[in-house]
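Thanks for coming. I will go through some side-chain contacts and then take the cores, the rings and the charges in turn.

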Amino acid sequence: MDLTIVGCTGSMAGPESPASCYLVRAEHRGRTWQVLLDLGSGALGTLQRHTDPMTLDALVLSHLHPDHCLDLTGLRVLRQHGPHPADGDLPVYGPDNTAERMARAYGVGGPEAMRGMDFRTLADATPFELGPFTITPYEVWHPVPTFGFRVAADGVVLVYTGDTDSCPNLAPLMADADLVLSEASYLEGRDTGRGVHLTALRAATAARDAGARRLMLTHLPPWTSTEDAVAEASRAWAGEVEVARPGQTVRV
């Protein structure tokens with residue numbers, strides 16, 4: 001399974017990267033399957049450097065904050081009005097009110113249904129299959145309904161936390177994962193609020209305690225130093241602390 005970092009800046013698009021968007025690919029029955037985890041603000045343009053968005057097999061949304069879902073409005077335009085309009089619906093997995101939320105984001109005079117999208121509702125700890133992928137969502141701790149994803153294919157497991165603070169579901173979500181892609185928006189001492197985001201230390205501690213093999217920090221806001229986040233995570237993580245960088249592709 002390959003993971004491409006399309007966008008990884010936390011809470012907004014930054015000067016070096018769009019907001020959250022991760023492309024996961026694996027071979028299955030003679031073709032490459034492509035699943036997108038989140039499509040945040042600014043990500044659709046950069047996505048086109050890595051793949052034709054018309055060839056996506058599914059989009060899976062962790063939650064409905066703009067930095068994780070807003071560019072679905074642009075994808076809807078491309079699928080209907082682009083040079084080769086889609087002839088089928090794109091499966092879009094998300095929290096319970098995803099169709100209504102995106103209709104409001106797309107509409108100008110009022111909510112306008114996102115035609116060409118087949119919205120499907122996520123449920124905690126209930127897996128679903130997409131080609132070679134088995135994806136298990138786990139509800140995590142954020143101010144709005146939010147899911148982390150455990151993505152299994154070809155005998156390996158990628159975990160994407162979405163946005164979360166420490167919570168009980170991080171244990172089954174991260175258990176024995178080959179790679180944990182964890183948000184680390186906060187730093188200890190600087191960001192004291194709870195129930196919104198992980199600090200780099202809390203992210204590393206959760207991954208370590210779950211027996212994960214690799215840790216990659218993501219969702220750092222533009223005002224957070226990569227060096228500070230890595231140094232903090234290294235207090236709990238004995239191995240290399242990787243950091244998501246836009247444009248990179250890693251093998252899981």
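Leu3 touches Tyr22, Leu23, Val24, Leu158, Leu179, Leu181, Gln248, Thr249, Val250 and Val252, leaving aside residues up to four places away in sequence. Contact here means heavy atoms within 4.5 Å. This is a predicted model, in which local features need pLDDT of at least 70 and side-chain atom pairs count only at pLDDT 80 or more, while totals for chains, interfaces and linings use all residues. Residues are numbered from 1 along each chain as its sequence is written, and side-chain values use heavy atoms, with hydrogens and water left out.

Leu3 and Phe133 have the most contacts inside the largest nonpolar core, which has 31 residues. Strand β9 (residues 147–153) gives the most to this core, with four residues. A second, separate core has 29 residues, including Tyr138 and Leu173. A nonpolar core is a set of buried Ala, Val, Leu, Ile, Met, Phe, Trp, Tyr and Cys residues joined through side-chain atoms within 4.5 Å. Buried means under 20% relative accessible area, exposed over 50%, and partly exposed in between, with a 1.4 Å probe and protein chains only. Helices (H or I, at least four residues) and strands (E, at least two) are DSSP runs, numbered from the N terminus.

Now the rings. How many aromatic pairs are there? The count comes to two. Rings of Phe, Tyr and Trp (its six-membered ring) pair if their centres lie within 6.5 Å; planes under 30 degrees apart count as stacked, over 60 as edge-to-face and the rest as tilted. Tyr22 and Tyr160 have ring centres 4.9 Å apart and planes at 55°, so this pair is tilted. Tyr22 is in strand β2 (residues 21–28) and Tyr160 in strand β10 (residues 156–160), 138 residues apart. Tyr22 is buried at 0%, and Tyr160 is buried at 2%. The other pair is Tyr93 and Phe128, stacked because the planes are at 10°, with the centres 4.1 Å apart. Tyr93 belongs to strand β5 and Phe128 to strand β7 (residues 128–130), so this pair ties together parts that are 35 residues apart in sequence.

Next, helix α4 (residues 98–106). Its buried residues are Thr98, Arg101, Met102, Ala103 and Tyr106. They pack against α2 (66–69), α3 (72–81), β5 (90–94) and β6 (117–121). Arg104 and Glu100 lie four residues apart in α4, about one turn of the helix. They form a salt bridge, with the closest N and O atoms 2.5 Å apart. A salt bridge is a side-chain nitrogen of Lys or Arg within 4 Å of a carboxyl oxygen of Asp or Glu. Arg104 is partly exposed at 42%, as is Glu100 at 41%.

The structure holds twelve salt bridges. One of them joins Asp57 and Arg31 at 3.0 Å, N to O. Asp57 is in the loop between α1 (43–47) and β4 (58–60), and Arg31 is in strand β3 (residues 31–37), 26 residues apart. Is Asp57 buried or exposed? Asp57 counts as buried, at 15%, whereas Arg31 is partly exposed at 35%. The charged end of Arg31 also sits over the ring of Trp33, 4.0 Å from its centre; the rule asks for NZ of Lys or CZ of Arg within 6 Å of the ring centre and within 35 degrees of the ring normal. Finally, Asp165, Glu188, Arg194 and Arg202 are linked in a network of salt bridges.
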